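Work through these exercises with the model in view. Try each task before you read its solution.

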Amino acid sequence: MKKKILIPVIMSLFIISQCITSFAFTPENNKFKVKPLPYAYDALEPYIDKETMKLHHDKHYQAYVDKLNAALEKYPELYNYSLCELLQNLDSLPKDIATTVRNNAGGAYNHKFFFDIMTPEKTIPSESLKEAIDRDFGSFEKFKQEFQKSALDVFGSGWAWLVATKDGKLSIMTTPNQDSPVSKNLTPIIGLDVWEHAYYLKYQNRRNEYIDNWFNVVNWNGALENYKNLKSQD
């Protein structure tokens with residue numbers, strides 16, 4: 001007879017979630033699911049092309065979600081937690097799936113966040129977010145230059161982020177592979193995917209051009225909501 005796997009220790013080790021509800025990303029019917037794009041595949045052209053968006057969303061994002069669900073089948077109790085909560089508690093996961101969850105929950109979370117923080121609409125930083133950026137970077141232009149340099153300097157595959165601490169202080173960080181700021185209890189405000197699959201069809205090795213053009217599709221209204229939701233947790 002097959003033994004039932006019991007993991008009560010995992011439940012007791014999970015920390016109190018600091019995940020913001022708007023992007024905690026919870027499972028549905030005991031499965032994580034790919035969320036549809038909030039715009040058409042070609043909506044971000046000419047900055048991000050239709051074929052890249054289809055490949056990125058339908059293949060890469062889907063693969064992370066599928067691999068995560070496959071890993072969690074052995075421990076269905078973990079579907080009680082959001083992606084954010086899983087990523088904040090990697091050390092409490094069963095060792096046989098911890099790396100797989102880190103890579104694929106990270107990939108699922110990061111990609112959902114990335115697609116949502118872009119928009120075909122022209123937006124600009126709100127006054128309150130711009131004030132926070134000016135406070136912590138000196139000016140928006142200095143922030144943009146530092147962010148672009150950080151994204152360009154990522155070696156191999158990874159991400160560049162504008163993140164906030166619990167008290168609202170902003171900083172720029174990069175993460176390798178599919179690691180996420182939420183694993184360090186930081187709140188992402190905007191995030192840029194610099195894996196080659198995010199830009200190579202259109203830009204080839206011109207990552208700097210991709211990074212520069214990406215600022216034309218940043219959803220600054222969404223960024224403001226992320227920052228406001230963080231502040232509302234105080």
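A residue counts as buried when its relative accessible area is under 20%, and as exposed when that area is over 50%. The model used here is a predicted one.

**Exercise 1. State what share of the protein's residues count as buried, and describe its surface and contacts.**

Step 1. The protein has 234 residues, and 51% of them count as buried.
Step 2. Look at contacts with a separation of 6 or more. Residues 24 or more positions apart make up 73% of these.

**Exercise 2. Give the order of helices and strands from the N terminus on.**

Step 1. Count the elements: nine helices and three strands.
Step 2. Read them in order: α-α-α-α-α-α-β-β-β-α-α-α.

**Exercise 3. Check the span of helix H4 against its number of residues, then locate its kink.**

Step 1. Helix H4 covers residues 95-116, which is 22 residues.
Step 2. The expected span is 1.5 Å times one less than the number of residues.

**Exercise 4. Decide whether Ser 126 is buried or exposed, and find its side-chain partner.**

Step 1. Ser 126 sits in the loop between H4 and helix H5 (127-137).
Step 2. Its relative accessible area is 18%. The cut-off for buried is under 20%. Ser 126 is therefore buried.
Step 3. Its side chain makes a polar contact of 3.3 Å with the side chain of Ser 128.

**Exercise 5. Find the residues that UniProt lists under "binding site", and examine His 56 and His 197 among them.**

Step 1. The unreviewed UniProt entry gives His 56, His 111, Asp 193 and His 197. They are spread over 142 residues of sequence, yet they cluster in space, with a largest C-alpha distance of 12.0 Å.
Step 2. His 56 lies in helix H2 (residues 50-72). His 197 lies in the loop between strand S3 (187-193) and helix H7 (200-203).
Step 3. His 56 has 1% relative accessibility, so it counts as buried. His 197 has 15% and also counts as buried.
Step 4. List neighbours, leaving out residues up to four places away in sequence. Those of His 56 include His 111, Asp 193 and His 197. Those of His 197 include His 56 and His 111.
Step 5. Finish with the direct link: the side chains of His 197 and His 56 are joined by a polar contact of 3.2 Å.

Conventions: Residues numbered from 1 in each chain as written. Predicted model: local features only at pLDDT ≥ 70, side-chain atom pairs only at ≥ 80, totals over all residues. Heavy atoms only, no water. Helix = DSSP H or I, 4+ residues; strand = E, 2+ residues; numbered from the N terminus. Bend = angle between axes of the 7 residues up to and from the residue. Buried < 20%, exposed > 50% of the residue type's maximum accessible area, 1.4 Å probe, protein only. Polar contact = N/O pair within 3.5 Å; in protein donor to acceptor, adjacent residues only side chain to side chain. Contact = heavy atoms within 4.5 Å. UniProt positions renumbered as here; feature names shortened; annotations may be inferred.
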